[in-house]
Amino acid sequence: MLDELRDLYHAELQIAKILPRLGKAARTPALRDALRHHREETEQQIVRLEEVFNLLGARGTGRKSRATLGLRDEATDLIDAGGSDVVRDAALIAALQRVAHYEMATYGTVIAHARMLGHPPIAQLLEPSLNEEQHINAVLTRIAEQQVNRMAVDVGRYAERSERLVAPDPLPRPLGHEAHHGEHAVHRPPSRDVAEPSSDHTHGSA
């Protein structure tokens, strides 16, 4: 359980650093508001985890969350990338939901272990964090389904139509190619009707 708690602690610290940048990069108002609100929730989740470590008499450092390190790198790439704002928002939501799913699973596991190991205060401390992760995941899903994904699909369709309109015509075949090909096509072997010299020569006697 301690390893999972340290993993969560590192994850929340990384997310608290990333969320302000993601909020600035987001262009959909509902997404910006959701990220701003979740930043406040993340700060509270860090405080709860620190309380848990105090109850256990343990340190919170010592592990790194690969999931959030991946989000950090992915978010940096998305922020720096060009392209449509709405398409980038769709990609940000997908990245955030991957981390939210990881946190929901890990919080749920830690809460279950705390109850089995006789630590009900720890389970009670972490239940609000689990609820917050479930809530932000539902909010992101709603924003994606009702706004961002539809607009991103429209942008993609428009881009495809534009590419078809400006696509160059196929290159014409070189002039004379078919005629040249035809010349070779009409070549035939010599006709068998032409008499050939006989190989059977009869020499008369002197």
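Helix axes here are lines fitted to C-alpha atoms over the stretch in contact, and angles run from 0 to 180 degrees between N-to-C directions. With that in place, H1 and H4 have axes that come within 11 Å and cross at roughly 160 degrees. I will come back to that pair after some background.

This is a predicted model, in which local features need pLDDT of at least 70 and side-chain atom pairs count only at pLDDT 80 or more, while totals for chains, interfaces and linings use all residues. Residues are numbered from 1 along each chain as its sequence is written, and side-chain values use heavy atoms, with hydrogens and water left out.

First, the overall picture. The protein has six helices and zero strands. Helices (H or I, at least four residues) and strands (E, at least two) are DSSP runs, numbered from the N terminus. Along the sequence the pattern reads α-α-α-α-α-α. Of the 206 residues, 33% are buried. Buried means under 20% relative accessible area, exposed means over 50%, and partly exposed is in between, with a 1.4 Å probe and protein chains only. A contact means heavy atoms within 4.5 Å. Among contacts with a separation of 6 or more, 81% are between residues 24 or more positions apart.

Now the helix packing, starting with H1 and H4. Angles under 35 degrees count as roughly parallel, over 145 as roughly antiparallel, 65 to 115 as roughly perpendicular, and the rest as oblique. H1 and H4 are therefore roughly antiparallel to each other. Their crossing is left-handed. A crossing is left-handed if the near helix is turned anticlockwise from the far one by less than a right angle, and right-handed if clockwise. On the H1 side the meeting residues include Leu 8, Ile 15, Leu 19 and Leu 22, and on the H4 side they include Leu 92, Leu 96, Val 99 and Val 110.

H1 also packs with H2, at an angle of about 155 degrees and with the axes 9 Å apart. H1 and H2 are therefore roughly antiparallel as well, and the crossing of H1 and H2 is left-handed.

How do H1 and H3 lie relative to each other, parallel or antiparallel? They pack at an angle of about 10 degrees, with their axes 10 Å apart, and are therefore roughly parallel. Ile 15, Ile 18 and Leu 22 are among the H1 residues that meet H3, where the partners include Leu 69, Leu 71 and Ile 79.

Next, the interior. A nonpolar core is a set of buried Ala, Val, Leu, Ile, Met, Phe, Trp, Tyr and Cys residues joined through side-chain atoms within 4.5 Å. The largest one has 25 residues, and Leu 22, Leu 35, Ile 93 and Leu 96 have the most contacts inside it. At least two residues of this core come from each of H1 (2-25), H2 (29-56), H3 (66-80), H4 (85-116) and H5 (120-166). H4 gives the largest share, seven residues. A second, separate core has 17 residues, including Val 52, Met 104, Val 110 and Ile 122.

Which residues does Leu 35 contact, leaving aside neighbours within four places in sequence? Leu 35 is in contact with Leu 19, Leu 22, Gly 23, Ala 26 and Leu 96.

There is also one aromatic pair. Rings of Phe, Tyr and Trp (its six-membered ring) pair if their centres lie within 6.5 Å, with planes under 30 degrees apart counted as stacked, over 60 as edge-to-face and the rest as tilted. Tyr 9 and Phe 53 have ring centres 5.6 Å apart and planes at 75 degrees, so the pair is edge-to-face.

Arg 48 lies in helix H2 and is buried, with a relative accessible area of 14%. Beyond residues up to four places away in sequence, Arg 48 touches Leu 125, Pro 128, Ser 129 and Glu 132.

Glu 74 belongs to helix H3 and counts as partly exposed at 28% relative accessibility. Leaving aside neighbours within four places in sequence, Glu 74 is in contact with Ala 95 and Arg 98.

Gln 134, in helix H5, is partly exposed, with a relative accessible area of 39%. Its C-alpha atom is separated by 9.1 Å from that of Glu 103, 31 residues apart along the chain.
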